[in-house]
Amino acid sequence: MKKASLLAVATAATFMAGAASAATLDDVKAKGFIQCGVTTGLAGFASPNDQGVWEGFDVDFCRAMSAAVFGNPDKVKYTPTTAKERFTALQSGEIDVLARNTTWTMSRDVNLGFEFIGVNYYDGQGFMVKKSLGVSSAKELSGARVCLQSGTTTELNLADYFAANDMKYDSVLFDTADEVREAYIKDTCDVYTTDQSGLYAQRSVISDPENHVVLPEVISKEPLGPLVRHGDNAWGDIARWTLNAMINAEEMGITSGNVDSMMSSKNPAVGRLLGASGDLGAQLNLDAKWAYNIVKSVGNYGEVFEKHLGAATPLKITRGLNALWSTGGILYAAPAR
Amino acid sequence: MAIVKTERHPELAPPVSQTGVIGWVRENLFSSWLNSVLTVVSIYVIWQAASGIVSWAFINANFIGETKADCTGSGACWVFIKARFGQNMYGFYPEPERWRVNLGYILGAVGLFLVLSDYVKSKKWPGIFLFVIYPVLCYFLFYGGFGLEVIETSQWGGLFLTLVLASVSIFVALPLGVLLALGRRSEMPVIRMLCVGFIELVRAVPLISVLFMASVMLPLFLPEGQNFDKLVRALVGMSLFSAAYMAEVVRGGLQAIPKGQMEAANSLGLGYWKSMGLIILPQALKISIPSIVNTFIGLFKDTTLVLIIGLLDLLSIVKGGTTDKNWLGLATEGYVFVAAVFWVFCFSMSRYSIWLENKLHTGHKR
């Protein structure tokens with residue numbers, strides 16, 4: 001079997017060599033699907049369900065792009081990527097877009113040659129404590145024993161935060177997230193620190209989640225967002241405006257349920273976004289109803305958040321920073337006009 | 001009148017304390033006070049460990065249901081494994097097409113049985129089937145073609161992918177390893193140096209870095225958009241890697257064959273390949289059976305390393321399942337299940353190798 005497939009690959013490579021990759025949008029339309037890089041499994045963001053279908057917050061971004069390009073959210077093929085090979089997969093053209101809770105940093109954006117198209121989840125390091133401790137702010141944690149995973153930036157952020165606030169702490173280090181959780185449950189330490197989305201995931205696993213609370217302070221910036229390759233701005237625009245359309249739809253109150261009636265809305269901004277008027281779709285080289293398709297088949301940002309991360313899920317993540325700017329968060333999408 | 005017993009006294013059974021269960025127990029467990037103490041302590045320790053495991057895995061475990069909410073008992077939640085069993089076995093291979101994988105399994109099992117068992121004397125046709133026809137058949141069966149829907153390798157996963165990785169690597173590694181071993185002992189300097197160079201280079205790097213090179217570096221050297229299949233890259237890496245190990249195992253066997261064997265073969269007028277094929281290799285391979293199977297078992301378990309290049313083999317697909325938000329917190333069940341599956345396969349391989357050793361044992365057993 002190996003010989004045969006090697007042969008097939010060698011032949012294919014010979015024939016395909018030289019066919020320079022044109023604009024990603026044309027490639028995607030020609031092959032009929034978007035190849036989307038996701039994690040190999042992260043609760044709420046991307047994981048295969050019982051039927052083997054990928055589900056999650058990041059997965060829904062890929063589906064939204066598919067809805068924008070094809071009018072059908074299911075024309076996506078997923079490539080599970082690990083933290084180490086995700087960038088190569090994007091650089092080499094194995095995937096068209098990477099939606100894999102990747103932190104937007106300067107060197108990744110500039111040096112690695114990627115284009116982050118926005119932030120779909122504002123994460124950051126936080127603290128979880130037992131309610132019985134009676135603490136409501138991280139500022140009251142002086143003298144606490146803190147459990148965390150060794151060898152991550154978590155450790156450095158923690159040291160900085162406690163030093164800056166002139167507080168003392170004892171750190172208890174473990175190798176894996178599961179060990180940290182067990183130690184925290186067994187009262188080896190008072191505080192569990194890691195990225196907030198991770199804290200919520202770990203809390204959902206504890207047998208008495210209601211007795212634990214994630215403190216409001218966020219001590220590091222981890223803006224997670226989807227990214228595409230440098231140099232194909234048209235494709236980057238589609239990705240960026242897919243995300244913006246989802247956020248704008250929430251801001252305008254357009255949901256997957258009312259999108260049909262919103263088509264005839266008196267608000268001209270709604271009409272422009274949904275394609276009832278104007279030519280925004282054509283500017284992106286897409287169908288006029290691109291945003292309508294996104295909201296209709298995937299939902300607006302808030303719907304997607306609630307579906308995969310929100311209060312109805314075991315993760316029970318609150319919107320926090322990820323609420324709209326008009327409701328106390330920092331989600332602020334450029335207007336579609 | 002002298003009392004003389006004329007008939008023999010009937011043979012009495014040995015005393016109860018020397019035979020049966022009691023005898024065995026006295027002999028083996030309580031033969032001295034030290035042994036008695038050790039026995040009692042060991043039984044206590046085993047009881048402590050086993051009772052917890054048994055009640056977790058069986059007595060308090062949950063077997064019935066569809067979702068995590070059905071896991072109300074305090075023990076293991078096997079519902080999780082049951083609900084995702086298909087996915088753990090076949091990955092994302094579409095359900096209506098899974099018969100193809102099963103058919104491949106059955107054909108492979110039949111082929112293996114014909115080649116490996118004692119019941120069939122002539123190995124020629126079974127051998128041709130298993131080593132020539134079967135791989136080609138599997139390629140079309142698993143991948144597609146000839147009217148069968150094409151299933152991309154990215155859809156492959158679970159135990160199926162693990163078996164593909166292991167069997168292809170084993171299938172390539174053994175013959176390639178034999179050739180490399182012969183090459184290393186060759187008297188032709190170029191061939192010898194090439195073989196030594198390859199073996200030493202590959203053995204000097206960890207498998208994980210070979211996989212990394214194949215998966216992360218290789219695509220960067222190719223023009224954008226041109227890519228080998230990820231699975232093929234992993235297969236090539238693993239096959240070459242295990243071939244290098246196999247070469248050294250086989251070379252060990254070759255070293256053990258006295259020089260006289262080769263000279264005897266030569267004096268019969270046999271050429272190099274004939275003397276190797278008929279005289280030297282059968283003996284050398286027989287000696288190396290334990291090490292060869294050892295390498296296979298190691299290789300089988302090493303397949304889990306493809307986790308780091310994002311191929312969803314049995315271990316990674318179960319791991320991915322534990323991150324499904326509907327099944328959070330069931331990592332222990334997942335890992336126990338994976339361990340059990342691996343144990344079954346590795347143990348079978350080791351039992352077969354013992355059987356084969358005994359069968360081929362022709363007199364110089366040590």
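Two residues are in contact if their C-beta atoms, placed from the backbone, lie within 7 Å. With that in hand, let us look at the model.

## About the model

This is a predicted model, in which local features need pLDDT of at least 70 and side-chain atom pairs count only at pLDDT 80 or more, while totals for chains, interfaces and linings use all residues. Residues are numbered from 1 along each chain as its sequence is written, and chains are lettered from A and ligands numbered from 1 in the order in which they are written.

## Overall fold of chain A

Of the contacts in chain A with a separation of 6 or more, 71% link residues 24 or more positions apart. Chain A holds 14 helices and 13 strands; these are DSSP runs, with helices being H or I of at least four residues and strands E of at least two, numbered from the N terminus. The radius of gyration of chain A, taken over C-alpha atoms, is 22 Å, close to the 20 Å that the globule rule (2.2 Å times the number of residues to the power 0.38) gives for 337 residues, so chain A is as compact as a globular protein of that length.

The C-alpha trace of chain A spans about 65 × 60 × 40 Å along its principal axes. Buried residues, those with 20 or more other C-beta atoms (placed from the backbone) within 10 Å of their own, make up 47% of the 337 residues in chain A.

Six residues of domain 1 of chain A are in contact with four residues of domain 2 of chain A.

In strand β8 (residues 125-130) of chain A, five of the six residues are buried, so β8(A) is largely enclosed by the rest of the structure. Strands count as paired if DSSP finds at least two bridges between them.

β8(A) pairs with β11 (residues 191-195) of chain A in the antiparallel sense over five bridges, and A:Phe127 stands opposite A:Thr193 in β11(A). β8(A) also pairs in the antiparallel sense with β12 (residues 212-214) of chain A, over three bridges; here A:Val129 has A:Val213 as its bridge partner.

## Where chain A meets chain B

Between the chains, 39 residues of chain A are in contact with 41 residues of chain B. On the chain A side, α1(A) gives the most, with seven residues.

Technical notes. A residue is buried if 20 or more other C-beta atoms lie within 10 Å of its own, exposed if 12 or fewer, and partly exposed in between; C-beta atoms are placed from the backbone.
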